[in-house]
Amino acid sequence: MKNKQSSLPKKEVELVFNLYSNGEFYKAVDLVKGLNAKYPNQPLLFNLIGACYKELGELSGAAKMFEIATSLSPNYAEAHFNLGVIYQDLDQKDKAVSSYKRAIEITPNYPSAHNNLGNIYKELGEIESAIESLEWAIAYKHDYAEAHNNLGNALNESGRTVDAIASFKKALNFNPTYARAMFNLSLALKDIGKKEDYFELIEKTVKLKPSWSDAQLHLSRVKKYKSNDPHIAEIHSFLSEAELPLKDQINFNFTLAKVYEDIEDHENQFKFLNQANQLRKEESEYLPEKDQTLFLNIKETFEYPPIPLRKSDIKSSKIRPIFILGMPRSGTSLVHQIISNHHKVHGAGELTKLNKFVTPFLKDYKNNNSPISKNDLISIRRNYLNELSNLNVDESIIVDKMPLNFRYIGFILTAFPDAKIIHMNRDPMAVCWSIYKYYFPGNTYSYDQKDIAAYYLLYENLMSFWKKLFPDKIYDLCYEDLTLNQKVETQELLKYCDLEWDENCLNFHKNTTAVKTTSAIQVKQKMYKGSSEAWKKYEPYLQPLINGLNYKKT
């Protein structure tokens with residue numbers, strides 16, 4: 001321990017350490033309590049008992065012990081660090097930040113404290129602070145594999161995918177069997193279209209940790225299974241384990257659905273697909289009424305739409321956003337790759353900030369029933385453009401391809417009158433089947449065929465509302481037309497965006513922009529025709545979708 005207590009008997013303290021190291025925490029606690037009675041107010045003893053309580057899962061008790069240790073010895077860096085760990089476990093992030101900062105203030109060369117502080121900053125969305133802390137961790141300990149991996153995650157989230165890949169590789173250089181870093185590296189390579197490298201690394205990850213359901217699920221997305229593949233029995237065995245965590249049950253069921261899709265056993269494919277979705281729906285506790293209320297509130301907010309901002313209302317900005325929106329799996333990623341391959345355009349992927357800036361102004365949100373004012377629109381515009389500025393890119397035209405921004409078209413067209421909106425249209429059954437087939441952790445409506453159909457109808461209704469309210473302001477692009485007439489549709493698209501022709505837009509599959517969606521591998525390949533027909537061979541299993549959409553065969 002860094003905090004020496006000369007009055008404590010060395011042999012008994014060493015015995016406590018030995019008991020702790022051997023996992024005999026209760027015995028260690030009893031011994032420390034005895035020492036505490038003889039040698040009161042010794043910070044080391046409180047730190048020791050706190051460490052034992054942590055291992056026993058008694059987090060509140062551990063926090064109390066570390067708090068006493070730090071109060072008795074304010075410069076006890078290790079106790080401050082341990083207290084930060086407990087606060088982190090208790091999800092008290094602000095307190096954890098303070099504890100780690102105090103530990104670092106006392107002992108600047110404290111790699112673990114810098115690493116943990118960086119992770120909390122990342123969770124809080126303070127990505128630049130996270131990167132700085134993790135870089136300090138590495139500066140003090142160059143071979144700190146965990147910190148290299150965590151830095152990679154922070155860099156990846158900030159959009160610096162190439163730098164993230166370098167960090168993951170460094171983590172593996174210092175720890176070649178670090179499965180988490182290998183997994184993260186594989187996903188980053190997938191995002192930039194390195195399919196073969198992705199496949200190789202995800203396979204290695206599965207070999208290192210066969211029971212890791214996340215790795216098995218991602219492997220299934222790029223692997224073509226055959227009926228005699230020994231992995232099939234292995235995945236079944238993992239799924240049959242007693243007391244398997246719900247997350248693993250969901251992942252393994254989705255994995256087996258893909259397995260049986262590959263070997264064309266549709267009965268088993270839908271058995272496992274339906275089970276995966278049912279488990280996830282139960283976990284998410286999705287209520288359709290919540291989305292119904294949200295969509296109603298959006299429409300009521302624009303019952304008396306605000307006047308769009310004029311040039312005189314806003315500060316000039318060199319940034320011009322392009323919004324690509326629509327239902328998930330409607331082709332937003334494909335169009336993002338096409339436009340962002342233009343030499344004047346930066347593709348920012350799926351940005352989440354618009355939702356944050358718009359939500360406070362929705363009718364009935366926190367009993368807010370006042371109409372949207374000019375100042376509200378200016379606030380939304382300023383906050384969103386600040387987020388785009390923070391991307392620090394040279395291009396002034398920036399693409400945001402968050403599909404669910406279709407909910408906020410009214411805010412976009414009034415706060416950003418100069419923005420371009422591209423609305424993706426695709427066959428409803430193709431969209432809804434693809435949503436049901438793939439695991440979308442964030443889209444809670446996507447785990448039941450009836451719920452998906454109901455959400456799609458809400459989407460259609462809202463889009464009709466926007467088009468009536470803002471005629472000729474939304475560019476509709478048909479996914480199927482784009483795949484059949486790539487050049488013509490691309491020319492019209494660029495014309496709408498006020499962009500001159502760029503041949504690179506036809507070679508979208510060569511675009512190195514990271515795509516962090518299920519479509520990442522698909523959009524790094526040449527245009528694929530006919531995908532909207534794929535659902536038809538599963539028609540007997542998709543009746544709830546067909547009936548829910550009132551789908552008419554064409």
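1. Of the chain's 554 residues, 53% count as buried, where buried means under 20% relative accessible area, exposed over 50% and partly exposed in between, with a 1.4 Å probe and protein chains only. Please keep in mind that this is a predicted model, in which local features need pLDDT of at least 70 and side-chain atom pairs count only at pLDDT 80 or more, while totals for chains, interfaces and linings use all residues. Residues are numbered from 1 along each chain as its sequence is written, and side-chain values use heavy atoms, with hydrogens and water left out.

2. For the overall layout, the chain has 26 helices and five strands; these are DSSP runs numbered from the N terminus, helices being H or I with at least four residues and strands E with at least two. Along the principal axes, the C-alpha atoms fill a box of roughly 85 × 65 × 45 Å. Among contacts with a separation of 6 or more, 67% come from residues 24 or more positions apart, a contact being heavy atoms within 4.5 Å.

3. Axes here are lines fitted to C-alpha atoms, for helices over the stretch in contact, and angles run from 0 to 180 degrees between N-to-C directions. H4 passes H5 in a left-handed crossing, that is, the near helix is turned anticlockwise from the far one by less than a right angle (clockwise would be right-handed). Among the residues that meet are Leu59, Ala62 and Phe66 in H4 and Leu83, Ile86 and Tyr87 in H5. The contact of H4 with H5 divides into nine nonpolar, three polar and two charged residues; Ala, Val, Leu, Ile, Met, Phe, Trp, Tyr, Cys and Pro count as nonpolar, Asp, Glu, Lys and Arg as charged, and the others, Gly among them, as polar.

4. H6 and H7 make another pair, with axes that come within 9 Å and cross at roughly 150°. H6 and H7 are therefore roughly antiparallel, and their crossing is left-handed. On the H6 side the contact involves Lys93, Ala96, Val97, Tyr100, Lys101 and Ile104, which meet H7 residues including Leu117, Ile120 and Tyr121. By class there are eight nonpolar, two polar and three charged residues in the contact of H6 with H7.

5. H7 also packs against H8 (residues 127–140), at about 165° with the axes 7 Å apart. H7 and H8 are therefore roughly antiparallel, again with a left-handed crossing. Contributors include His114, Leu117, Gly118 and Tyr121 of H7 and Ala130, Leu134, Trp136 and Tyr140 of H8. The contact of H7 with H8 holds nine nonpolar residues, six polar and one charged.

6. On to charges: the structure holds 24 salt bridges, each a side-chain nitrogen of Lys or Arg within 4 Å of a carboxyl oxygen of Asp or Glu. Arginine 102 pairs with glutamate 105, their closest N and O atoms being 3.2 Å apart. The two are three residues apart in H6 (residues 93–106), so about one helical turn separates them. Arginine 102 is partly exposed at 23%, whereas glutamate 105 is exposed at 59%. Asp91, Lys93 and Glu123 are linked in a network of salt bridges.

7. Which parts does the bridge from lysine 122 to glutamate 157 tie together? Its closest N and O atoms are 3.3 Å apart. Lysine 122 lies in H7 (residues 111–123) and glutamate 157 in H9 (residues 145–157), so the pair ties together parts 35 residues apart in sequence. Lysine 122 is partly exposed at 25%, and glutamate 157 is partly exposed at 46%.

8. Aspartate 451 and lysine 281 form a salt bridge with closest N and O atoms 3.0 Å apart. Aspartate 451 belongs to H23 (residues 449–469) and lysine 281 to H16 (residues 266–284), so this pair ties together parts 170 residues apart in sequence. Aspartate 451 is buried at 9%, while lysine 281 is partly exposed at 26%.

9. Finally, do have a look at H22 (residues 428–437): eight of its ten residues are buried, so the helix is largely enclosed by the rest of the structure. Among those buried residues are Met429, Cys432, Trp433 and Tyr436. Their cover includes H15 (246–262), H16, H23 and H26 (543–549).

How values were computed. Angles under 35 degrees count as roughly parallel, over 145 as roughly antiparallel, 65 to 115 as roughly perpendicular and the rest as oblique.
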